[in-house]
Amino acid sequence: MLVHDFVVVGGGLAGLSAAIEAKKRGIDVALVSKIHPVRSHSGAAQGGVNAALGNAEGSKDDTPERHAYDTVKGSDFLADQDAVKIMCDAAPGIILELEHMGLPFSRTKEGKIAQRPFGGQGVPRTCYGSDRTGLYMLNTLYEQSVKYKVKTYVEFFVTKLVVQNDRCHGVICFNLESGEFVPIAAKAVMFATGGSGRVYSANTTNAHTSTGLGVALAYWAGVPIKDFEFIQFHPTGLYPSSILMTEGCRGEGGYLVNNKGERFMKNYVSEKVMELAPRDIVARSMQTEIIEGRGFEDAYLHLDLRHLGEAKIRERLPGIRDLSMNFVGVDPVKDPIPVRPSQHYTMGGIDTNEKTETEITGFYAAGECACASVHGSNRLGGNSLLETVVFGKIGGGVISDFAKDAAAPKDGPMKDGLKEEQARFEACTKGSGDENPYDIKTELSQLLDDKVGIFRNKADMEAATQKIRELKKRFEKVRPIKTNKTFNYDFLWMSEIAGNLDAAQIVAEGALVREESRGAHFRTDFPKRRDDPWMKHTIARYSADGPVLSYKEVRMGQFEPEERKY
Ligand SMILES: Cc1cc2nc3c(=O)[nH]c(=O)nc-3n(C[C@H](O)[C@H](O)[C@H](O)COP(=O)(O)OP(=O)(O)OC[C@H]3O[C@@H](n4cnc5c(N)ncnc54)[C@H](O)[C@@H]3O)c2cc1C
């Protein structure tokens, strides 16, 4: 058994930030990741990261308070305002810290960090490195983790969070290279396992690694999951692959156009805001255009960048141009890009407070898998990269303090956990079942796309929850897995699909019960926000019969709920 004071699961921006902070404070920390850290999906982030620096023309008077207001309004008032304040106040400092680490931000003429407009924010606030911001951030932080000698276990796939009597003792990993289970005991564990987009189908901007298993592992271990029904659809996924075309395209001045050649956003929001309304509103407007027959081939719309000119596209959006040319043969300098709304982000996740603590002693979560409630029911673009580095760092500090005095983890629960996982593996290799797990996954994802998508209603979601129960029953009869010792991806995917099923169930059951429309959760049968009784967080707890739902108060602050007009 390996033993460390602190184990971080996840090598993306949240995990790296936590590990570096703890290491700087002299804690024995190990980072575990199923893929190499620099292949984490944070690297796919393009558009930028928010901070009220006031560097751009039009944002000189920006403040963290205005950033907080935009975030709370964008969240449709479901965000916890103390957590939002912490994030927005920390933003300018953390961006400068990243700059000092060597992050190659794009620059203004005066040499300051450049900022571009993003949706739902009145001023240009989004700091960027061309259209490769996440990649630059990830490589910068990975370099720091090497500098600080963070111990890293790569291609270690965590299959169990060990919790006994409300105390976390460590994780059980499956070493993909050796095919052995490796228990890692720790005084504190943080999950920074990323998003859950692949619970939905191929129409997602998320990598195949963003499966939601971290959320499911926490759920199975008794940790509550918060607000998981709120799923963000990004307006501009490339059609048909759904590779992201960053919001930065619209931030730089790109237009959305329907098959009548019309900039249709003027029919949904004020002419001042247009394409830079928050994502939930733009995605719904686009979907309406497609449903009502104003799309191309009934499937997509146009993102038109031609008026920006070649020089600007080459300088600010070179990655977008490459992707568009390589994947659909469209050069945005000459032709509009085909786009449609695509699943993009999970606002909910493992229930944490603003210190990344969960209700289980010694277990923490940060980044997209967590829900510190800074996004409420709709995230503003540029706030997720910010959340990862702010709360990753905060968590690293909180855990360092905890680990200094905490008792050592217990062997007993770790040995039990190891035996359970070995027995599960054995069971997966045997049996007479003949269901194909990948067919179950395909059906599940299609179901969520069709029935728990941008527009939702009771009948569809009842059908979805019923079907998920049937799929879970069928999953009990899956065929035996392959038995290769090294790189047994059949076992990995079997575990991921088990997680997908429960993650999907939490989304669908929570969405069915929430009879209102708020942020990204739009019910055609309840089209209005209903603060009474729905201004509250959904909490889902595991039971063998499906999630048990309860509700938790939203922590309000200086911003009173108002009608959300743009
Ligand atoms: C295409 C795209 C573009 C985006 N652009 C922006 C943007 O411009 N601005 C913005 O603010 N946000 C953006 N986002 C959102 C943002 O990038 C993510 O929310 C954020 O990077 C997530 O970081 P993370 O550290 O939480 O997770 P990730 O970077 O996804 O890392 C997750 C880590 O967990 C590990 N892991 C997961 N499960 C296990 C397991 N069972 N065992 C071991 N390891 C495991 C993985 O190996 C990985 O290292 C974008 C998202 C996408 C998909």
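Which residue in β5 stands opposite Val-49? Cys-127 does. The model is predicted, so local features need pLDDT of at least 70, side-chain atom pairs count only at pLDDT 80 or more, and totals for chains, interfaces and linings use all residues. Residues are numbered from 1 along each chain as its sequence is written, and side-chain values use heavy atoms, with hydrogens and water left out.

Val-49 and Cys-127 belong to a pairing between β3 and strand β5 (residues 126-127), which run antiparallel and are joined by 2 bridges. Strands here are DSSP runs of E with at least two residues, helices are runs of H or I with at least four, and both are numbered from the N terminus. Two strands pair if DSSP finds at least two bridges between them. The open sheet has 3 strands in the order β3-β5-β4, with antiparallel pairing. β3 (49-50) and β4 are its edge strands, each pairing on one side only.

Thr-108 sits in the loop between α3 (81-101) and β4 (115-116). Thr-108 counts as buried because its relative accessibility is 18%. Buried means under 20% relative accessible area, exposed over 50%, and partly exposed in between, with a 1.4 Å probe and protein chains only. Setting aside neighbours within four places in sequence, Thr-108 is in contact with Asn-55, Ile-113 and Ala-114. Contact means heavy atoms within 4.5 Å.

**Strand β9**

Strand β9 (residues 180-191) has 11 of its 12 residues buried, so it is largely enclosed by the rest of the structure. Its pairings involve β1, β8 and β16. Strand β1 (residues 2-9) pairs with β9 in the parallel sense over 7 bridges. There, His-4 stands opposite Ala-186. Strand β8 (residues 167-175) runs antiparallel to β9, with 6 bridges. Ile-172 has Pro-183 in β9 as its bridge partner. β8 and β9 form a hairpin with 4 residues between them. In that turn, Gly-179 has a positive phi of about 80°. Strand β16 (residues 363-365) pairs with β9 in the parallel sense over 3 bridges. Val-189 stands opposite Phe-363 in β16.

**Helix α9**

In helix α9 (residues 318-328), Pro-318, Gly-319, Ile-320, Arg-321 and Ser-324 are buried. Their cover includes α6 (248-251), α8 (310-316) and β14. Just after α9, Gly-329 takes a positive phi of about 70°.

**The ligand site**

There are 37 residues around the ligand, and Ser-40, Ser-42, Glu-368, Ser-384 and Leu-385 come nearest. By class, the shell has 14 nonpolar, 20 polar and 3 charged residues. Nonpolar covers Ala, Val, Leu, Ile, Met, Phe, Trp, Tyr, Cys and Pro; charged covers Asp, Glu, Lys and Arg; the others, Gly among them, are polar.

| Residue | Protein atom | Ligand atom | Distance |
|---|---|---|---|
| Leu-13 | polar backbone atom | oxygen | 3.2 Å |
| Ser-42 | side-chain N or O | oxygen | 2.5 Å |
| Gln-46 | backbone N or O | nitrogen | 3.4 Å |

Taken alone, the ligand exposes 1000 Å², and the protein buries 97% of that. Accessible areas come from the Shrake-Rupley method with a 1.4 Å probe. The elements that give two or more residues to the shell are α1 (13-24), β7 (156-164), β14 (337-346) and α10 (383-405). α10 gives the most, with 4 residues.

How values were computed
Near = heavy atom within 4 Å. Polar contact = N/O pair within 3.5 Å; in protein donor to acceptor, adjacent residues only side chain to side chain.
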